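Please find below my notes on the model you asked me to look through. They are set out as numbered points, to be read alongside the sequence and the coordinates.

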Amino acid sequence: MLSAIALAGVLTLSACTDSAAKPTAAPVEKAPTFAAGTTMAKLSEAGSITIGTKFDQPLFGLRGPDGQPVGFDVEMGTLIASKLGIPADKIKWTETVSANREPFIQNGQVDLVVATYTINDTRKQVVDFAGPYYEAGQDLLVLAGNPDKIKGPEDLAGKSVCTVSGSTSEKNITAYTDKVLATDTYSNCLGPLRSGEVVAVTTDNVILAGLADQNAGEFEVVDKPFTKEPYGIGLKKGDTEFRTFINDTLEESFKDGTWAKAWEKTAGTVLETPTPPAVNRY
């Protein structure tokens, strides 16, 4: 059984997480021009943007000591803002948990969401996605030493598992067990795992790796991903111009090394740098 930080393929341990790292100071575009009436023009003229992200996801979106989130998702949001001419200190970060990401986008509470947000057909009925900018896979987090000998989801029949309400992980795991404890955040699953109320926590492998790294010696990842989870950037349904702009920004960052630098500063402190995925131009 591999340890939590020995994930499949490129996901291997390299160092300890610097959860207090500040977002990369991406060069801010000076006086960018956009077509009148587009979301890009409105945000650029306003000089500010509201971005939804997770506040409890080590490596991707974790609230730092100063109250501001840090992580790879935060870096991606900061990059998009910079291309709109908006500096990092003009970004309003709003906590989005799995269950409220679509409503926040639909209601205009956020301009976009970068929050370990898996692209799927159900969500695409109500919001649009740019990306993906990363592909994870659902896995299982167990106690160190794996006392229940969980080798994969097939071993969960009749056993209790914790995940987050409204997540794709919750839907996926019901194919293996009907005993699912659903909470609002993944960090709230750690207590039930410690106490034995559940035998595993399930979500994407990179999220589980971050939780294990943050709680050294307590947990390990089973290391048998059983889904593919393409992370996308959520935005209002039908905003084709904004989606194209974000996709262009992502592809540029893949090519010029900005994406890799953002990864290495955050998730890359624990995990090796993967190859960026192909952006979906659907």
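1. Contact here means heavy atoms within 4.5 Å. With that cut-off, and not counting residues up to four places away in sequence, Lys-83 touches Glu-29, Pro-32, Phe-34, Phe-245, Thr-249 and Glu-252. Lys-83 belongs to helix H2, where helices (H or I, at least four residues) and strands (E, at least two) are DSSP runs, numbered from the N terminus. Buried is used for a relative accessible area under 20%, exposed for one over 50%, and partly exposed for what lies in between (1.4 Å probe, protein chains only). Lys-83 counts as buried because its relative accessibility is 17%. The C-alpha atoms of Lys-83 and Phe-245 are separated by 9.2 Å, although the two residues are 162 residues apart along the chain.

2. On the basis of these notes: this is a predicted model, in which local features need pLDDT of at least 70 and side-chain atom pairs count only at pLDDT 80 or more, while totals for chains, interfaces and linings use all residues. Residues are numbered from 1 along each chain as its sequence is written, and side-chain values use heavy atoms, with hydrogens and water left out. The pLDDT is the predictor's confidence in each residue, from 0 to 100. The mean pLDDT of the protein is 90, and 91% of its residues reach 70 or more. Over residues 1-20, however, pLDDT stays under 50, and for this stretch the model has 57 contacts beyond four places in sequence. Where pLDDT is low, the predicted coordinates should not be read in detail.

3. The buried residues of H7 are Phe-242, Arg-243, Phe-245, Ile-246, Asn-247, Thr-249, Leu-250, Ser-253 and Phe-254. Among the elements that cover them are helix H1 (39-46), helix H2 (72-83), strand E7 (127-136), strand E13 (229-236) and helix H8 (258-265). Just after H7, Gly-257 takes a positive phi of about 90°.

4. Helix H1 has Met-40, Ala-41, Leu-43 and Ser-44 as its buried residues, and these pack against strand E1 (49-53) and H7. H1 is followed by Gly-47, whose phi is positive, near 75°.

5. How do H2 and H8 pack, and at what angle? Their axes are 9 Å apart and the angle is about 145°, with axes taken as lines fitted to C-alpha atoms, for helices over the stretch in contact, and angles running from 0 to 180 degrees between N-to-C directions. The contact is made by Phe-72, Glu-75, Met-76 and Leu-79 of H2 together with Thr-258, Trp-259, Ala-262, Trp-263 and Lys-265 of H8. By class, this contact of H2 with H8 has six nonpolar, one polar and two charged residues, where Ala, Val, Leu, Ile, Met, Phe, Trp, Tyr, Cys and Pro count as nonpolar, Asp, Glu, Lys and Arg as charged, and the others, Gly among them, as polar.

6. Some backbone details deserve a look. A cis peptide bond, with omega of about 10°, joins Gly-131 and Pro-132, and Pro-132 is found in strand E7. Leu-59, a residue other than glycine, has a positive phi near 85°; it lies in the loop between strand E2 (56-57) and strand E3 (61-63). Leu-59 is buried because its relative accessible area is 4%. Lys-149 also has a positive phi, near 55°, and is placed in the loop between strand E8 (138-143) and strand E9 (161-164). Lys-149 is exposed, since its relative accessible area is 57%.

7. Arg-63 is placed in strand E3 and counts as partly exposed, because its relative accessibility is 46%. Not counting residues up to four places away in sequence, Arg-63 touches Phe-55, Gln-68 and Pro-69.
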